[in-house]
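Take a look at the sequence and structure before reading on.

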Amino acid sequence: MYDNETFPENITNVFERHSWPMGLFKEFCPSALYIDRYVNAVWHIIGLFTNPISAFIWLNHRIRRNNSSAIYLAVLSITDFMFLWLHFINELQIAWGISTIAHAGICELYNFIYMIPQYLAPLIVLGFTVERWIAVCKPFHKERFCTVKRAIYVVCGLIFLSSSLASAQIYIWNYDETHKVCTYRDTNVTPDSFTEVWNWLSEMSIFGGVPICVLIFNILVICEIHKITKANAIQLPHQTSSGSNNAASTITLLSVSFYLIFTTLPVALVFVIATNFEIGNGFMTDDEIRADPQWNRFFTFMITRRCIEGICFSHYSCYFFVYCLTGPQFRKTFMTFFPNKIFQALNNSSQGRYTIVTGNGRVNNESCTTYV
């Protein structure tokens, strides 16, 4: 989804003058570079704090006990946390020009690991969406399929599937000794090449097909809830504590699912249409490039693409806020645990400002307290 930028196949004058993509963006469309550098940095900072907190809360024994959805959401938080660190390494290379992955062996290994959380995140969402569909639409199968033990098995299977899909990146990527860049192994990427075919299949399947499946299951769940509520066939959710928890859990999972849909499909869409915006003639001066319609069309698209990706990137960082807004149990656990820990830390820090002294000025454990 968020691929490394590849070095142009044919080395042209413009790419000799300006590195790809940082140098080119800095010279001709700095807005795209600013988004890479600063907008994504905001999501990195937020996500590196919120994802560990979310994982900690969902793995709390009281929450995960008899709650299979907590397993999925905990793994999702860990996956997003892992991806943010990997993406940060990539941003150092792409947006700041700091060589991080352009090394033999590291290039291939990094791209393999880099794609695992990208594949895993939407599959995890699909996993708990299907489980919620079973719980709501097939209630007689809930006791069999919606268990913590089965959720762990499903997560392990999805991790294996994601790793298997990502293993293709080891072949696709290669370190170019000549140009000192991490680029595609195929020097001539054609529509029929393995690289192009695999990219299209994986992108459309994971980042297009999976969100659409999630959307379909969500619609089925919402329709079933509406039908049940309208027919008054079961007790209303607010009438019991158990029903209230189930309703809140359903709202949380639906919110996370729709958040993924709205932030994944647009990125997949710009990937699909990217082939319609090709670069212009590289054998031009900088002034000619600025005046060239094809180059301007390409740069406009890149700015638009970076804006869309910058906004949609938020789902790797902001699920925590969805949990707080829609999950009373999650919110209660957070407010109970973390503010107390923060208060204790501040209290311990303030106690360090006091010194225990005796009347003759020597330190002693059994004496009055003097403020200093």
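## Surface and burial

In this predicted model, the protein exposes about 19,500 Å². As for the interior, 46% of the protein's 372 residues count as buried.

## Fold and contacts

If you like to start from secondary structure, the protein has 15 helices and 4 strands.

The average pLDDT of the protein is 84, and 83% of the residues score at least 70. Confidence is highest in helix H8 (residues 148–166), with a mean of 96, and lowest in strand S4 (residues 369–371), with a mean of 30.

Two stretches deserve a look here. Residues 5–11 have a pLDDT below 50, and this stretch has 20 contacts in the model beyond near neighbours in sequence. The pLDDT is also below 50 over residues 352–372, a stretch with 18 contacts beyond near neighbours in sequence.

## A closer look at Ser257

Is Ser257 buried or exposed? Its relative accessibility is 1%, so Ser257 counts as buried, the cut-off for that class being under 20%.

Which residues does Ser257 touch, leaving aside its neighbours within four places in sequence? Ser257 is in contact with Val125, Phe128 and Thr129, and also with Val214 and Asn218.

Note on methods: Residues numbered from 1 in each chain as written. Predicted model: local features only at pLDDT ≥ 70, side-chain atom pairs only at ≥ 80, totals over all residues. Heavy atoms only, no water. Buried < 20%, exposed > 50% of the residue type's maximum accessible area, 1.4 Å probe, protein only. Contact = heavy atoms within 4.5 Å. Helix = DSSP H or I, 4+ residues; strand = E, 2+ residues; numbered from the N terminus. Areas by Shrake-Rupley, 256 points an atom, 1.4 Å probe, with all protein chains shown as cover. pLDDT = per-residue confidence, 0-100.
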